[in-house]
Amino acid sequence: MPYHLSRDHKEEPLEDIAFTACSVAGAAREQSNPLARRREVVVNGRRVKTVDVHAHCVIPEALRLMQLQEPQRRALVLVVADRLREMDEQGIDVEALSINPFWYTAERDVAEKVIQIQNEALAALCAAQPDRFVAFASVSLQYPDLAVQQLEAGVRKLGLRGAAVGASVAGEEFSAVKFHPFWAKAEELGVLIFIHPQSTPELAQRLKGNGWLSNVIGNPLDTTIALSHLIFEGTLDRFPGLKICAAHGGGYLPSYAARSDHGCRVAPRFCDGAIQLKKKPTEYLRQLYFDSLVFTSEGLRHLAAEVGASQIVMGTDHPIPWQDQAVDHILCAASLSDDERVAILGETAARLLGISG
Ligand SMILES: [Zn+2]
């Protein structure tokens with residue numbers, strides 16, 4: 001199947017993975033110890049602690065509480081030995097675990113319980129493997145006051161490193177005033193908020209049919225809409241210290257960013273005169289963070305050109321098999337300097353997530 005990257009190469013010697021995938025001779029020297037299963041990533045003689053900001057899991061007890069036990073979700077149950085083996089093979093030293101929200105329509109007491117179960121379980125996973133896992137807290141954003149408490153408790157009491165959120169909350173945009181207390185708390189705590197899309201549910205009818213368009217188009221579009229509202233509604237001006245990381249390279253936004261700078265000039269009637277942005281819309285991209293899940297080194301080159309290499313952090317979507325060569329795409333992006341490769345592979349994420357070297 002030409003469009004399915006074979007996973008068979010995992011059975012090949014690790015050296016082959018390191019070098020056959022990369023045509024950049026000498027620029028990035030990446031080596032593996034053939035005696036060890038764990039792939040160690042080295043850039044120009046420097047061992048890099050690689051960090052994956054986009055790694056999924058679910059907690060079965062929380063799924064049961066919501067009567068969600070379908071096979072697709074069960075596949076995300078984290079089995080530590082299996083997860084570590086796959087991370088070792090891919091050259092991932094640390095995963096920042098997150099749980100995609102399925103509780104945004106739950107009643108308050110159920111949502112509260114789901115979050116408590118998940119955050120405690122995530123903290124326990126991280127405590128058992130402190131060198132390999134950190135985690136984003138789950139928060140019940142449909143009850144912003146509760147989400148504020150959950151974020152603070154998750155970070156201060158459980159050692160979680162931020163929060164993972166969808167791209168909207170049961171049809172409401174993040175820029176809505178009701179969510180301001182949550183953004184304020186995230187800014188105050190200085191923690192990273194990871195935005196992961198959820199298929200643009202409002203377009204479900206149009207995204208039916210062959211090709212899993214709800215995901216391949218719906219997900220990047222969902223992120224694009226979420227980030228655009230945070231920019232255009234002035235949310236990022238109101239909370240300038242907010243640290244946001246968008247999944248999948250920020251969806252389509254960085255691919256066609258310049259159009260955002262021209263809308264209000266071409267059709268001012270569609271723009272709210274009361275909202276005076278402090279910067280050009282595209283300039284906000286340079287204060288957001290984006291994972292590297294754009295599949296090709298050329299995609300990565302373009303993303304870096306639009307947002308800055310300093311804003312990109314490695315993301316794999318693991319264990320969902322979208323990408324098992326995340327390290328190689330970064331190593332092989334000829335446009336990047338070695339310092340930029342080191343930053344994207346782990347240095348920037350380690351700083352954002354409080355991971356020590
Ligand atoms: Zn994902």
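By salt bridge I mean a side-chain nitrogen of Lys or Arg within 4 Å of a carboxyl oxygen of Asp or Glu. What you see is a predicted model, in which local features need pLDDT of at least 70 and side-chain atom pairs count only at pLDDT 80 or more, while totals for chains, interfaces and linings use all residues. Residues are numbered from 1 along each chain as its sequence is written, and side-chain values use heavy atoms, with hydrogens and water left out.

By that rule there are 18 salt bridges. One of them joins Arg85 to Asp82, with N and O 3.2 Å apart; these two residues lie three apart in helix H4 (residues 80-90), and therefore about one helical turn separates them. Helices are DSSP runs of H or I with at least four residues, strands are E runs of at least two, and both are numbered from the N terminus. Glu298 and Arg301 likewise form a salt bridge, at 3.0 Å from N to O. Arg38, Glu40, Arg47, Asp88, Asp93 and Arg132 are linked in a network of such bridges.

Turning to the metal, the zinc ion is coordinated by His54 (NE2), His56 (NE2), His196 (NE2) and Asp317 (OD), at 2.0 to 2.1 Å, where donors are N, O and S atoms within 2.8 Å of the metal (3.2 Å for Na, K and Ca), and water is not among the atoms, so sites may look incomplete. His56, in strand E3 (residues 51-56), and Asp317, in the loop between strand E11 (312-313) and helix H13 (326-331), are 261 residues apart.
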